[in-house]
Amino acid sequence: MAAAVARWNHVWVGTETGILKGVNLQRKQATNFTAAGQPRREEAVSVLCWGAGGETQILVGCADGTVKRFGTEEGVFQGQRHCPGGEGAFRGLRPGRRLLELRVGPGLCRMRQDPARPHVVATGGKENALKVWDLQGSEEPVFRAKNVRNDWLDLRVPIWDQDIQFLPGSQKLVTCTGYHQVRVYDPASPQRRPVLETTYGEYPLTAMTLTPEGNSVIVGNTHGQLAEIDLRQGRLLGCLKGLAGSVRGLQCHPSKPLLASCGLDRVLRIHRIRNPRGLEHKVYLKSRLNCLLLSGRDNWEDEPQEPQEPGELPSEDRETDELWASLEAAAKRKLPDSEPAQGALQSRRRKKKRAGSTSP
């Protein structure tokens, strides 16, 4: 049963309590998966990625320095590996059979693999400028970005790259920063500085994803705001319905105009990009959410209808939007206690009146 449940999940989410949650959007149902049987904050999930076998395997990076393998066909964890060295949580994962170690510098915020060139990764962080590495080459980066020129007061501009994406069909990269900037870099440019820069809002940008066309990105910030930025002209294309807390994870479907978002408000949302309807799904998941992985399959609606045993109760691990309905019902205003008493008093008066009229 666990295998059938896991196989048809649309979104996978990692939580601060160490739980991997699989969400089926058609059923509005979430299922918890843990390697040890009980959630542990020491195993908080910080990053997710598909394994080398595609969407049949998920790599789960945890705060205790272990990377776990989860099989989506079987619905179970299949093993784990401890990765020594370095400090802090994982900032990115790359599937592979051998463990490589690079000295990328302190304050790392993100590592991102190039989908077109799996042996190429990019890194960036706080006071750690964007770098591109060829894992089949030397231990030195093949591209190292230069900081932008000093500001109008001739003061150095601080560096804080929070997320990175490779642009399809080129070697260009786009970053979002903790100083609400979106920058495009071209490693072929001799100046090594951004070839395009724009800003959004006033708060640190925490997550970013490419849209299916690859000509724009959607960014999210610490105040839960979401916006689409055009990468050709650097202009704002529009805003989406945001979150109630900081954005931690964003991912667009590779072919459909859908965006998955999660964050500290414990809600997984599926947005329809550039559509007045906006929000397609909203699922409350109880735990604070750190990251997500969106299935890229096109046949979202082709899930077979599996018979359910009569009288079968859903597992406690299966969480739905019904919690929101119960909260709204509990918040409804109740009648004052005096109203039923007043109604009973009026009824007794009417009875006495009728009894007096029938007496001789």
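Is Arg183 buried or exposed, and what is its relative accessible area? In this predicted model, Arg183 is buried, with a relative accessible area of 3% (buried means under 20%, exposed over 50% and partly exposed in between, with a 1.4 Å probe and protein chains only). Local features require pLDDT of at least 70 and side-chain atom pairs count only at pLDDT 80 or more, whereas totals for chains, interfaces and linings use all residues. Residues are numbered from 1 along each chain as its sequence is written, and side-chain values use heavy atoms, with hydrogens and water left out.

Arg183 belongs to strand 14 (residues 181-185); strands are DSSP runs of E, at least two residues, numbered from the N terminus. Its side chain makes a polar contact with that of Gln181 at 3.4 Å (a pair of N or O atoms within 3.5 Å; within protein, one must be able to donate a hydrogen and the other to accept it, and residues adjacent in sequence count only if both atoms are side-chain atoms). Beyond neighbours within four places in sequence, the contacts of Arg183 include Val148, Leu173, Pro194 and Glu197 (heavy atoms within 4.5 Å).

Rings of Phe, Tyr and Trp (its six-membered ring) pair if their centres lie within 6.5 Å, with planes under 30 degrees apart counted as stacked, over 60 as edge-to-face and the rest as tilted. Trp12 and Phe33 form a tilted pair, 5.8 Å centre to centre with 45° between the planes. Trp12 lies in strand 1 and Phe33 in strand 3, so the pair ties together parts 21 residues apart in sequence. Trp12 is buried at 2%, as is Phe33 at 8%. Ring pairs link Trp12, Phe33, Phe70 and Phe77 into a cluster.

Definitions and conventions. Helix = DSSP H or I, 4+ residues; strand = E, 2+ residues; numbered from the N terminus.
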